Amino acid sequence: MSGEVKRASSPRQRYKEQNRAEIKRVATEQLALGGAGALSLSAIAGQLGFTTPALYRYFANRDELLTELITDGYADLAEVVERAAAQEGTAVQRLHALAHAFRRWALGQPQVYLLLQGAPVPGYQAPAHTVDSARRVLGPFVAVFEQLRAESDTELDRQFGSWIEQDGAVRTWVAEHGSTHGWALRAAVTAWTRMHGILSLELQGNFGGMAFDPALLFEIEVDALSRPATP
């Protein structure tokens, strides 16, 4: 135990972690300026005063850096959503808390949100573990729709139910959030698509020149989600 603490607090380890954090900070700035497609290890190295080969000691390539940014982003968003999920209240109140926590996080760091939820990065394939990271964000929504008893029996609900039955990882995931029902997962995915639709349009400036409040539009959508209807 003491050896682990010593290694974690050694000057070399602190220096390495500080440099990794700086690399990710500059990478996030690049995302804000030009999107994920503009991410350049050589440009990051130049800005930080590294040689490009020196930067490769921290991240082997662009994809490894992207993966860490995505993993960090999902972890941060998941913590925000989970804190909202821990609030007391009715299922409807908790749905609003979840949705608005999701929105605040996205508006607070739009470049990271669009990396997670935006268009695929050309030439990049996210590793499988990022799926688990994304599910961590969606899980509290599954739980709240289970509590809302968003029951229905449409073809889409049955498709989600079959997915749960056939995929052990999905079955375990929804069970951890108190559900085994296709309709609860369908409702959570529906919520995600509707929230993302508004947020992505808002973040990319597509509501410019329209005389309405995107926050009010989002609120109305969440109200509608709290009264689940047959899709």
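## Aromatic contacts

Phe-102, Tyr-113 and Phe-141 form one aromatic cluster. Rings of Phe, Tyr and Trp (its six-membered ring) pair if their centres lie within 6.5 Å; planes under 30 degrees apart are stacked, over 60 edge-to-face, and the rest tilted. The whole structure holds 5 aromatic pairs. Phe-102 and Phe-141 are edge-to-face because their planes stand at 90°, with ring centres 6.4 Å apart. This pair links distant parts of the chain. Phe-102 sits in helix α6 (residues 91-108) and Phe-141 in helix α8, 39 residues apart. Helices are DSSP runs (H or I, at least four residues), numbered from the N terminus. Phe-102 is buried at 2% relative accessible area, and Phe-141 is buried at 1%. Buried means under 20%, exposed over 50%, and partly exposed in between (1.4 Å probe, protein chains only).

Phe-160 and Trp-163 form a tilted pair, 6.1 Å centre to centre with 55° between the planes. Both lie in helix α9, 3 residues apart, so about one helical turn separates them. Phe-160 is buried at 14%, whereas Trp-163 is partly exposed at 34%.

## Model basis

The model is predicted: local features need pLDDT of at least 70, side-chain atom pairs count only at pLDDT 80 or more, and totals for chains, interfaces and linings use all residues. Residues are numbered from 1 along each chain as its sequence is written, and side-chain values use heavy atoms, with hydrogens and water left out.

## A charge over a ring

The charged end of Arg-103 sits over the ring of Phe-218, 5.7 Å from the ring centre. The criterion is NZ of Lys or CZ of Arg within 6 Å of the ring centre and within 35 degrees of the ring normal.

## Largest pocket

The largest pocket has a volume of about 590 Å³. A pocket is an open set of points on a 1 Å grid where a 1.4 Å probe fits, with protein on both sides within 12 Å along at least five of seven lines; lining residues have an atom within 4 Å of a point. The volume is the space filled by probe spheres set on the points.

The lining has 26 residues, with Tyr-74, Leu-116, Gln-117, Ala-134 and Trp-192 nearest the centre. Helix α8 gives the largest share, 7 residues.

## Second largest pocket

The second largest pocket has a volume of about 210 Å³. Among its 13 lining residues, Gln-111, Leu-114, Leu-115, Gly-118 and Ala-119 are closest to the centre. Helix α7 gives the most, 5 residues.

Technical notes. Helices (H or I, at least four residues) and strands (E, at least two) are DSSP runs, numbered from the N terminus.
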